[in-house]
Amino acid sequence: MNKKGNILRNIINSVLPILLAFIIGGIVIACIGENPLETYWILLKKSFLSSTGFMNTLHYASPLILTGLAIAVTFKANLYNMGVEGQMLLGGFFAGIAGAYITGMNPLVHKVICFAVGILCGMAFALIPALLKAKCKVNEMVVTLMLNYAMAKALEYLSTGVFRDLSSGYVATPTIQESAMFSRFGRSRLTMFFVIAIIVLIIMYIVMKKSKLGYELTAIGKNPEFAEAAGMNVAKKTIILMLISGALAGLAGSGYMMSEQFKYTLSFSGTPGLGWDGMLIALLGGHSPGGILIAAIFYAALKTGSDNINMYTSVPKEIVALIQGLIILFLAVKFISERTNFSFRKKSAKKREEAA
Amino acid sequence: MSMIEVVDLTKKFGDFTANDKISLSVEEQEIKCIVGENGAGKSTLMNMLYGLLQPTSGKILIRGKEVQMNSPIDAIANGIGMVHQHFKLVPSLTVYENILLGVEIKKGKSPFVDSKTEIEKVQKLIDEYHFELNPLDKIEDISVGGRQRVEILKMLYRNVDILILDEPTAVLTPQEVDDLMVSLKNMKKQGKTIIVITHKLREVMELSDSITVIKQGKVIGHVKTKDTNESELAQMMVGRNVVLTVNNERKEPIADEVIYEVKDLSTINDYGKEVVSEISFKVHKGEILGVAGVEGNGQSELVKLMTGLMESTKGTVTFLGKDVTNDWPAQLRKSGVGIIPEDRYAQGLCGDMNISENCIAGYHGSPDVCKRGIFDQKAIRAKRDKYIEEFDIRIGDLNGNVSSLSGGNAQKIIVARELSAGPKLLIACQPTRGVDIGSIEFIHKQILKFRDEGNAVILVSSELSEILSLSDNMIVMYKGKISGRVCQDEVTTASIGLLMAGIQPGEKGAAHE
């Protein structure tokens with residue numbers, strides 16, 4: 001019964017912010033003088049109801065699934081890897097470098113190499129906060145958060161200087177070789193990368209729910225003292241977990257490089273970046289693999305839909321950014337929290353005191 | 001007439017009753033000690049007297065008049081002051097500034113503080129009570145004992161008649177403890193009434209006029225200090241009224257084979273104090289070794305040392321001829337040590353995880369439930385069902401969380417888990433604390449059965465009756481050391497009570513002075 005209540009609470013907490021965001025977004029659209037229902041219908045039709053549109057949605061969802069997972073796995077053990085963005089950028093960047101500078105390869109081998117480079121970079125970058133946390137008890141949230149900015153600047157230096165493609169009119173690394181590019185399915189943008197993301201999602205589902213590692217991570221997250229007494233090496237597990245998270249971030253970056261961007265530009269990950277979006281997706285999806293899949297697809301649909309809103313209506317595409325912002329805002333408010341009862345009790349206690 | 005009287009005071013936190021109909025009275029100019037183990041409800045009671053908590057029911061009377069206190073301000077207005085175990089002082093301010101914090105003396109009607117008058121007033125107070133303090137010293141520069149005197153002065157300045165001290169000697173050096181005793185007796189002479197919370201019996205005997213013993217939120221008894229002694233108090237603090245019905249008749253004598261040996265084991269706590277010093281004992285095949293003592297004498301730390309949750313500074317531990325000193329809990333379990341930890345929801349179980357997940361904790365890597373890192377859910381469920389059946393665990397919802405179980409059933413999960421893994425040694429710490437009578441009997445029977453199968457048990461408990469009825473041999477701990485070793489057929493409650501109070505049998509007379 002308790003469990004059912006939990007699930008219900010999770011669903012309400014995820015759906016209510018979205019609904020509220022759309023309602024307020026609708027009011028804004030109406031103020032512009034457009035029909036909000038028509039606008040939303042276009043959004044829905046173009047991102048879900050046409051086959052190409054739906055495939056594009058899935059395409060944009062692929063990296064988001066991975067960054068969402070990268071964040072969700074650490075949350076489970078009560079750890080906060082806020083550095084997914086930086087790890088993803090580093091992975092994407094060097095996957096791009098490997099994709100551009102290694103030539104004459106078998107397409108499959110080349111892609112595997114690029115992925116390996118990206119994953120290793122993501123893991124290496126996650127290792128810094130992991131070691132600091134495990135060995136010196138440095139707060140991982142602060143370190144990972146700040147390292148994002150350090151990484152963005154470092155990559156800006158590398159892409160404007162060392163690895164700049166001089167033939168390009170703007171700051172960018174050379175385009176990756178064709179052997180490193182994923183080919184698209186039909187007219188859509190969808191590639192094999194989506195399949196890879198789904199396979200990783202399933203593997204992570206098994207790891208989190210059915211494996212010894214997942215069990216230990218849950219125990220550490222829920223009660224570290226118990227975990228230690230039951231013979232788990234908390235420091236070691238912290239490092240492993242951060243490495244997994246970094247690997248997922250690196251995979252997201254390299255896949256995005258090989259399926260969508262093909263070169264590193266200063267706006268590689270967009271605004272907000274894929275890592276930040278991942279955080280929102282993990283929150284929306286309640287940190288469970290299934291929830292993350294749905295949230296990532298929903299989020300990608302907004303992205304696909306925004307282009308079409310611009311094309312078919314006079315509503316500016318920024319309306320989608322507005323809705324996204326509102327979702328974040330409403331997500332921060334836990335409408336029905338675990339403490340709902342508690343706060344109620346506190347209030348009534350106060351009342352009683354006043355009465356006395 | 002009593003200075004302060006408490007009638008049927010009850011405090012509940014949710015379903016948990018911290019204080020159950022407590023009644024006591026303190027006479028004017030009396031030093032009253034309230035003794036009891038950790039978690040007995042002493043601090044809850046004092047916090048109600050100081051207005052920090054409001055009673056669920058019952059009355060507090062001061063000089064025969066009922067009072068209602070909603071905050072410490074009300075308490076001080078009623079003449080009650082409290083010195084907490086952890087001082088509430090500003091380290092960068094001086095002694096006099098801390099004492100007058102909140103009640104500063106102003107220069108006339110100006111907003112400025114009149115330091116000169118403040119210092120004079122504080123100095124006068126210091127002289128009056130013969131305290132060794134300089135009002136101009138900064139708190140961060142003075143000793144812990146000095147800080148405590150500042151806390152006391154803070155209360156005296158506010159003209160309280162009743163002073164409550166919560167574990168006042170816990171942080172003091174022996175010399176400072178003596179000074180405090182002198183000060184307190186001095187204050188009593190000057191007309192103050194003093195209530196001291198403690199579990200250090202020697203100090204209680206030296207300091208108090210009367211004593212109230214509290215256990216599990218209830219008053220066990222009131223005694224005049226001159227009519228009692230330390231061992232009687234120790235028995236009152238730990239004794240349980242439940243009649244234990246287990247039959248501890250051994251079929252075979254204890255074997256000569258040593259299963260577990262601890263030699264010169266010592267460790268220090270986070271503050272650098274030696275809490276376990278040079279403990280040595282042997283446990284044989286088919287033996288239950290009881291570790292008795294008033295709580296807080298190093299038993300918890302000893303268990304943590306033996307179960308891999310704390311590192312030793314000295315000494316060795318040998319298990320089945322192998323050195324296992326400072327082994328991790330996982331290694332210990334693997335080599336055949338079953339562990340029932342002291343705090344079941346902190347170390348033994350994870351309340352927010354479900355029953356089957358808790359049934360495998362600590363053994364979750366063993367090949368019968370986990371193959372190549374993936375769990376065999378069917379095997380885990382089978383294990384859970386087997387435990388429930390064999391250990392008679394009563395469960396409402398099979399997939400529910402452990403936190404929804406009663407204390408007894410939750411404890412049985414731990415016992416089932418640890419005994420089913422087939423260990424050779426069981427380290428059981430407070431195995432029946434907070435457990436219903438039926439489960440106590442069941443757990444006791446399981447422990448005896450385990451011993452009769454030719455295994456060894458170390459039983460650490462602050463329940464004297466539990467130790468006495470189960471153990472074959474006993475060691476008693478006092479201040480981190482072994483104060484005595486006794487075997488079952490020669491022990492009496494009185495003799496073990498003496499050892500628990502740190503008195504060797506020879507010096508019995510000294511306790512009655």
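Author: Let us begin with a definition: a helix is a DSSP run of H or I of at least four residues, and a strand is a run of E of at least two. Please bear in mind that this is a predicted model.

Reader: How much of residues 108-132 of chain A is helix, and how far apart are the end C-alpha atoms?

Author: That span of chain A is 100% helix and 0% strand, with 37 Å between its end C-alpha atoms.

Reader: Turning to chain B, in what order do the strands of the open sheet run?

Author: The general idea comes before the case. Strands of a sheet pair through backbone hydrogen bonds, in either a parallel or an antiparallel manner. In chain B, four strands form an open sheet in the order β12-β11-β14-β15, and their pairing is antiparallel. At the edges are β12 (274-284) and β15 (322-323) of chain B, each of which pairs on one side only.

Reader: How many bridges join β11 and β12 of chain B?

Author: Seven bridges join β12(B) to strand β11 of chain B, which spans residues 258-268. As one example, Leu265(B) has Ile279(B) in β12(B) as its bridge partner. Helix α9 (residues 299-306) of chain B lies across β11, β12 and β14 (314-319) of that chain, at about 60° to β12(B).

Reader: Which domains does the assignment give for chain B?

Author: The assignment gives domain 1 (2-238) and domain 2 (258-348 + 422-501) of chain B. Their centres, taken over C-alpha atoms, are 35 Å apart. A contact requires C-beta atoms, placed from the backbone, within 7 Å. By that criterion, 11 residues of domain 1 of chain B touch 12 residues of domain 2 of chain B. On the domain 1 side, helix α8 (residues 230-238) of chain B gives the most, with seven residues. The residues of that side comprise four nonpolar, four polar and three charged.

Reader: How many residues of chain B are in contact with chain A?

Author: In chain B, 22 residues are in contact with 16 residues of chain A. The elements giving two or more residues to the chain B side are α10 (329-335), α11 (344-348) and β18 (374-375) of chain B. The largest share, three residues, comes from α10(B). By residue class, the chain B side has 13 nonpolar, six polar and three charged residues.

Terms used:
Residues are numbered from 1 along each chain as its sequence is written. Chains are lettered from A and ligands numbered from 1 in the order in which they are written. This is a predicted model: local features need pLDDT of at least 70, side-chain atom pairs count only at pLDDT 80 or more; totals for chains, interfaces and linings use all residues. Two strands pair if DSSP finds at least two bridges between them. Two residues are in contact if their C-beta atoms, placed from the backbone, lie within 7 Å. Axes are lines fitted to C-alpha atoms, for helices over the stretch in contact, and angles run from 0 to 180 degrees between N-to-C directions. Domain bounds come from an automatic or database domain assignment. Ala, Val, Leu, Ile, Met, Phe, Trp, Tyr, Cys and Pro count as nonpolar, Asp, Glu, Lys and Arg as charged, and the others, Gly among them, as polar.
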